[in-house]
Amino acid sequence: MSQTMESMENSDEDKVSLRSSGRTQTEARESLGMLQSFRKSLRRATETSPLSPRGKGSKVTPNAVTNEPGSPALMPPPSPSLSAGSPVTSPLKNFFQKKEEESNVKPSKSKLPRSKTDPNISKFMKRGGSIRRSLKFIGKKDADKTGKPELIVTVCEGSRKEKVERKQEGEEEEEEVGEEMEESYTLPEIPHTPLSVMQISKLIEMEVLEEAHLNLLALRREFQQEQKQHAEDSPMELAKKEKDLNLLYGDLRNKICDIVRDSNSLPSRNKGLLVPVARIIQEEEQRAEEPGGLQDGWMVAWREAVAEGVRVKVDSVHLERSEQNTSWLAVHLGLLGKVVVEDLEGVRKELRWSYPPSFNVFSTYVSSYHQVVGQHLKNLEQQATELKDLYVLLDWIIHRYKSERIMGSVSLQLDMQAESAELQLDDELLPQLKEKYCDRMKEDMKSALDRVIELEYEEVWRDSRHPEKDDNFFSSQFPMDVWTRVKSNIVNSGKIDAQLEVKVSSSCLEELKQFPKRFEAEFRRHCSSVALPFWTEYHIAYINSFTSLQQYMEGYKDSCPKEVEGFRKEVKWLIVRLLQCLEDQFKDQVKPFLRRMMTRKWLTNDEDFEHLHHQTELLSENCKLMRPPHSQDFASRLHYHVVKEYVGQLMRNNYRCKNHKHEKAAQKIRQQWNKLRDLFEDMESNHSWLHLVGDHLSDIIGQKNKNQIKNHLQPLVEHYPDFSRKHLVAVLDFRGLLRSREHQLILQRLAALQKDVKRDDSVNNRVLFSHMQVTVNSDCLSNLPLFCLGILRPNS
């Protein structure tokens, strides 16, 4: 029976040729329809075959072959796979024969025998060689011994052994683990006479790739033979055949690329097609140098198709617009990472088993994701404008992509150990992204600082509120706000990398350097438009606030010394200007009271001094709310000014004590001096050396005996080296001592002391009297030498 069936098939094959010129388009369409029916019946026969894993050794009934009752039981047709030793019978030829005798075969209810004597099973096994290798069935020899095809796991040389747990009936399988295809294969016999160009094209279109490729090889062989024999006789016919080959090969490659591209998106549809795809690529790579084929490499086209499939996956990830969702980029990157992991898991568990080891499928997909995602991120960078989006993008590129969430996922680690987890980015992308991030950070920092000034106006200046107190010092909240903003920016950028942290620190501090001047300008503008009742308190509060802010920024002097130094200078000069404003205001307030010191009114009335003391006392109370060291420096400057102006009134020749009024004047100077000294001591002035000048001058002015004045000059000269002759003349003039022998002796004593007195270096640097304006006495006799006075006054 076996011989009869084989002879019948061979005779039928001889009767029909798809290359016959007499076949019409109608007959071709009927052939295609029959071919589609053949493919469906082939799938049903494979599913119900005892060699199929789905068969599980069950009995074969007529309904197992066809679902329609009474339909003829078709014998298993030849497989179109590229298996070794299979006949070169085209499925189209079988169908065009329209075997009517097959309808007379009675279906059998017994099990299909698995011996080699069964022509159907034998032929199916021959035609299913590549499927058998793909599905890991045992060979024909072992099947004959056992009588049953047993499912085993064969391990290719160099492949990793994995334990496979198979599903038993009624039990669920924990995890399906495949096995890579064998690297080597045997090409089936190439047909002697290829199908027509149209028929091969239809096979490609219908994805019967094995048969299409074998016929292409046959057509290519014909072309090569004719090229050798009739190259000069029929060049036009050779050119036409070469063009047909190129078109068919182009169609085949495009179809293969489409299958490969969609293999990770449609695994259930394309999984069975990948086995012949891999074998075709292998065969064409080996025949690359032969004429009649495509010039470009098939492996290159395969890798490009893989990359295109990855690109389709990446582009399909949901992406919202920033107007729809403020977190659009973070959401998109989260979904993208999930897609990458899921797709690579599918490649690792399923897809790679459809390829030989030399394809390095998992590695190719990983490299494609590195490249495609890198290009996708470049496009996202152009859309990202907000600071938070730029941060999310940088963090995803530098950390998250290679973290355990994506490329470092536990499910991928077994295969990722030999792979790189780094993205393939353009060389300029990451530096450009960091630069864009720093520029945007600088813009946001400027906006934040402008907002700080606006809040100060809204919360303090507009309603003329008292400044807040912190640890009993006037202060404002903006230094903490600014410092928190700068610190968060720097800390967050440091989480990305150290280089970005330094750049962000520089950008923030560079922008912060402009803040003191902008703040001062707005404060001055508001002060000029509105009379602030707490003008002094505001100045002190901002002196304290900028001092604190500058101290906060000192923490970054190691990483950004230039920027910190620049900000320090700006703060320093702002504080100097604020202090100068306070000082100038105080000077203007006390100037009229100081001018009336050492006058007749002063000697009899304490009103001016009380005003002076009151203004100084008010400022002293405010200075207690100023943080050191500025409080001490400011108190020292006020102390010096008051002493200089108070004592300076003695040098102006505004009043001359007569009739022993110098004793009253000296007592009053001492009393007032003690009050002022107590004030400045309470303000913690650094100029304690000024405390003694009032006592020394009181001693000189209050002496009853003129001769004793010269004995009180030494302490004054020792403590104040710039006390000169003209200053002594002015003091003596205020006391009422003029043109006398004692006057000259006092001056001579001063000259002698200035030569002999030894002073410390700290004393030599003291300057007080040199800054006092001395009014020259118009009385010419006051400056005459002693011997001239003796001539003029012989009785003296």
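Predicted model: local features only at pLDDT ≥ 70, side-chain atom pairs only at ≥ 80, totals over all residues.
Residues are numbered from 1 along each chain as its sequence is written, and side-chain values use heavy atoms, without hydrogens and water. Local features need pLDDT of at least 70 and side-chain atom pairs pLDDT 80 or more, whereas totals for chains, interfaces and linings use all residues.

The protein has 33 helices and two strands. These are DSSP runs numbered from the N terminus (helices H or I, at least four residues; strands E, at least two). Of the 796 residues, 47% are buried (under 20% relative accessible area, 1.4 Å probe, protein chains only). Among contacts (heavy atoms within 4.5 Å) between residues at least 6 apart in sequence, 78% join residues at least 24 apart.

The largest nonpolar core holds 178 residues. Such a core is a set of buried Ala, Val, Leu, Ile, Met, Phe, Trp, Tyr and Cys residues joined through side-chain atoms within 4.5 Å. Val373, Phe515, Tyr542, Tyr646, Val647, Leu768 and Phe769 touch the most other members. Helix 23 (residues 561–595) gives the most to this core, with twelve residues. Beyond its neighbours within four places in sequence, Phe769 contacts Val647, Met651, Val693, Leu716, Tyr720, Asp722, Phe723 and His727.

Helix 22 (residues 535–553) and helix 25 (residues 607–623) have axes that come within 10 Å and cross at roughly 35°. Thr536, Glu537 and Ile540 of helix 22 meet Leu619, Asn622 and Cys623 of helix 25 in this contact.

Note on methods. Buried < 20%, exposed > 50% of the residue type's maximum accessible area, 1.4 Å probe, protein only. Axes fitted to C-alpha atoms, helices over the stretch in contact; angles between N-to-C directions.
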